[in-house]
Every structure is written in structure tokens, then in C-alpha cells.
Amino acid sequence: MVRSMTGYGRSVLQLESTVVTIEIKSVNHRFLDVQLKIPQTFLFLEEKLKETIRTYFARGRIELILNIGGTGAIGKTLETDWKLLDQYMEQLKQIKTRYQLSDEIPMSLLLSIPELFSVQQTTENSSLLLEKIETCTEKACLELLAMREAEGEKLFADIMERMHGVKELVGSLQTRRGRVTDAYRERIQQRIEAYINNKIETDNSRMYQEIALLAEKGDITEEVTRLFSHMNHFFTTIERETEIGRRLDFILQEMQRETNTIGAKSTDPKISEWVVSIKSELEKMKEQIQNIE
């Protein structure tokens, strides 16, 4: 199945007064690149969420955004590092004794020490909330997957139509190549005869062998055969269930190479016209395939 690498998915679930929203979107990328935007309280879920995404997708730059809302979503608590505070108090007492200070230790001094206090975020029903986040992530991934598959079907239809068109053009090349080779051979012979003032003898086998060798240089049989082979490989690959984008791109590169060789060999106007059409279609397919997983 052909899948696009662009799409969007969204899922919303509620747990009492907490609302979990997951948004996930993807664009083209050579490999799988997952980026997460989640509240600091849930950073410990980062690897778990990435693992979930990897089970659904093989390529693409994927961005997941987690939002936790609602009146009971995330609270804040102030925590004191009592062990550290005890050490501060002990040191301050020693300072008073050593330097015979009589003043009381001001509260403002303690409050100015940032290491003593920290603000922690808390969530209600944390275990159930984590389950909701995982469920919400999977639903968003499924929605994104469905969109990528729907877009992939459109890409598949367009690419297959273009490739069948290319196949017809290559078939035309195959039909015409014999006539072009004969014409090329006659043109070489005429030029040689004109160059030596028609003194070539009909039984001069050596001369005709040279003509045949020159004519072979303009023969496109091998290139046409390889093009058919690449197209068969293309049709087989695009029907596979696994990731196929990079493989299809490589096959198109090989087809472009063979087509360029045919264009360089041929002096026939009709073949040159078909070569231009084939190259144009291959280029359009290459652009489409950049978006295939």
C-alpha cells in the first residue's frame, strides 16, 4: 500500500475535569524524525510516545503536541528541601557562635536562597491520566495514518497512470528502433561512399563490418530492454506493503539514466520527441515519490 508522508491527526479525551488533547502532523523527510512538544511534567513519557509513533510510521518528520487542560489538569505545589535547609541553619548557628552575633536569623535571608524551594507540577488521577495520554496518542496516530493512506491512494493512481504512459512510449521506441538502425547504417554508408568518391566495392566485407560497428553505436536495443526491466521492477515494488519510497526513487533514477542514453544516441526526430516526453513524466513521478513513505 502506498502511503503519503503528509497528514494530520487529532484526538481529545476527558478524565473527570482533565482534558487531554493530542495533535500530530507529518511532512516529508528522508528518514523518521519525531519531535515532541509536551508539558515538562510529562517529559518522562517522551520515549514511550516516540515508541508508539514508530509502530505506525517508518518515514517522515512527525511532530506531536500534547496539551493537558481543564480545571483539575495540572496543579502546583511548593516543596522545601528540608535536609538542605537543616544544613543552612546549622551553618548559620555556627556563624553566630563564632562571631558572637546576637541578631536572629531573618526569614528573608532563608527565602532568598533559591535551592531551598522548588515548584512541582502535580496531576490528579495520574495513573488513569497516563493511560488516557497513551490512548489519545494511538487514536491521533490512527487518524494521521488514515489521512496518509488516503493521500497515498491518490499518489498511487497518478503515478501508475504516468508509468503506463511511459511504458507505451518505450513500446513505441522499441517498434521504431529497427527502422532507425537501418536508416543510421545507410546514412553512414552514404557518407563513406561520398568521402571516397564511390570507390567502395560491394564485396569489401571489411568496410561493411566497420559500418555495422558504427551503426551499433546508435542502437538503443539494450537501453529499451533495461527500461522495460526497470518498469517491471517498479510495478512490483509499488505493490509491496513495506516502505517503498526510497526504492522507487532509485528505480526512477535508473530509468532516467537509460532515457538520457537513448536521447544521446538517437538522431531520429520522433525518438527525440518521445525521449523528451518520457523524461518529463519521470521527473513528475520523481517529485510525487518524494512524498511516499
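**Helix contacts and ring pairs**

Reader: Which residues in α7 meet which residues in α8?

Author: In α7 they are Gly-245, Leu-248, Asp-249, Leu-252, Gln-253, Met-255, Gln-256, Thr-259, Asn-260, Ile-262 and Gly-263, and they meet Ile-271, Val-275, Ile-278, Lys-279, Leu-282, Glu-283, Met-285, Lys-286 and Ile-289 in α8. To meet is to be in contact, with heavy atoms within 4.5 Å. By class, this contact of α7 with α8 has 10 nonpolar, 6 polar and 4 charged residues. Ala, Val, Leu, Ile, Met, Phe, Trp, Tyr, Cys and Pro count as nonpolar, Asp, Glu, Lys and Arg as charged, and the others, Gly among them, as polar.

This is a predicted model: local features need pLDDT of at least 70, side-chain atom pairs need 80 or more, and totals for chains, interfaces and linings use all residues. Numbering starts from 1 along each chain as its sequence is written, and side-chain values use heavy atoms, leaving out hydrogens and water.

Reader: What makes α7 roughly antiparallel to α8?

Author: Their axes cross at roughly 165 degrees and come within 10 Å. Axes are lines fitted to C-alpha atoms, for helices over the stretch in contact, with angles from 0 to 180 degrees between N-to-C directions. Under 35 degrees is roughly parallel, over 145 roughly antiparallel, 65 to 115 roughly perpendicular, and the rest oblique. So α7 is roughly antiparallel to α8.

Reader: What is the angle between α6 and α7?

Author: Helix α6 (residues 221-238) and helix α7 (residues 245-265) pack at about 160 degrees, axes 10 Å apart. That makes α6 roughly antiparallel to α7.

Reader: Why is the tilted pair of Tyr-56 and Phe-57 called that?

Author: A search of the whole structure finds 2 aromatic pairs. In Tyr-56 and Phe-57 the ring centres are 6.2 Å apart and the planes stand at 45 degrees, so the pair is tilted. Rings of Phe, Tyr and Trp (its six-membered ring) pair if their centres lie within 6.5 Å; planes under 30 degrees apart are stacked, over 60 edge-to-face, the rest tilted.

Reader: What makes the pair of Phe-234 and Phe-235 edge-to-face?

Author: Their planes are at 85 degrees, and the centres are 6.3 Å apart.

Reader: How do you know that Phe-57 is buried?

Author: Its relative accessible area is 3%. Buried means under 20%, exposed over 50%, partly exposed in between (1.4 Å probe, protein chains only). Phe-234 and Phe-235 are buried too.

Reader: How many helices and strands are there in the protein?

Author: There are 8 helices and 6 strands. These are DSSP runs, numbered from the N terminus (helices: H or I, at least four residues; strands: E, at least two).
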